[in-house]
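Subject: Structure handover

Hello,

Here is the structure I said I would pass on. My notes on it follow below.

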Amino acid sequence: MARPLRTLDWVVIAALVIVAAIVIYLLWPLIIAIAIIAAGYFIYRWYTGRRLVRTG
């Protein structure tokens with residue numbers, strides 16, 4: 001059975017959450033750009049796949 005969380009565990013969890021929030025806040029433009037690029041890539045792959053099937 002898991003041991004109960006101690007004070008140090010709560011401090012470490014809080015620190016990790018804060019660091020993750022700061023990283024996401026600072027890098028959100030990059031994350032949005034990557035999402036747009038990925039969506040464009042998948043749409044391009046889908047379109048070329050349909051075009052090849054239609055002509056073949």
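Phenylalanine 42 is exposed, because its relative accessible area of 58% is over the 50% cut-off. Please keep in mind that this is a predicted model. Tyrosine 41 has a relative accessible area of 43% and is therefore partly exposed.

The structure contains one aromatic pair. Its members are tyrosine 41 and phenylalanine 42, with ring centres 5.6 Å apart and ring planes at 65 degrees. Planes over 60 degrees apart count as edge-to-face, so tyrosine 41 and phenylalanine 42 form an edge-to-face pair.

Threonine 48 is a buried residue, with a relative accessible area of 14%. The cut-off for buried is under 20%, which is why threonine 48 at 14% falls in that class. Threonine 48 sits in helix H1, which covers residues 7–55. From there, the side chain of threonine 48 reaches the backbone oxygen of arginine 45 at 3.1 Å.

As for the protein overall, the secondary structure consists of one helix and zero strands. Of the 56 residues in the protein, 2% are buried.

Regards

Conventions: Residues are numbered from 1 along each chain as its sequence is written. This is a predicted model: local features need pLDDT of at least 70, side-chain atom pairs count only at pLDDT 80 or more; totals for chains, interfaces and linings use all residues. Side-chain values use heavy atoms; hydrogens and water are left out. Helices (H or I, at least four residues) and strands (E, at least two) are DSSP runs, numbered from the N terminus. Buried means under 20% relative accessible area, exposed over 50%, partly exposed in between (1.4 Å probe, protein chains only). A polar contact is a pair of N or O atoms within 3.5 Å; within protein, one must be able to donate a hydrogen and the other to accept it, and residues adjacent in sequence count only if both atoms are side-chain atoms. Rings of Phe, Tyr and Trp (its six-membered ring) pair if their centres lie within 6.5 Å; planes under 30 degrees apart count as stacked, over 60 as edge-to-face and the rest as tilted.
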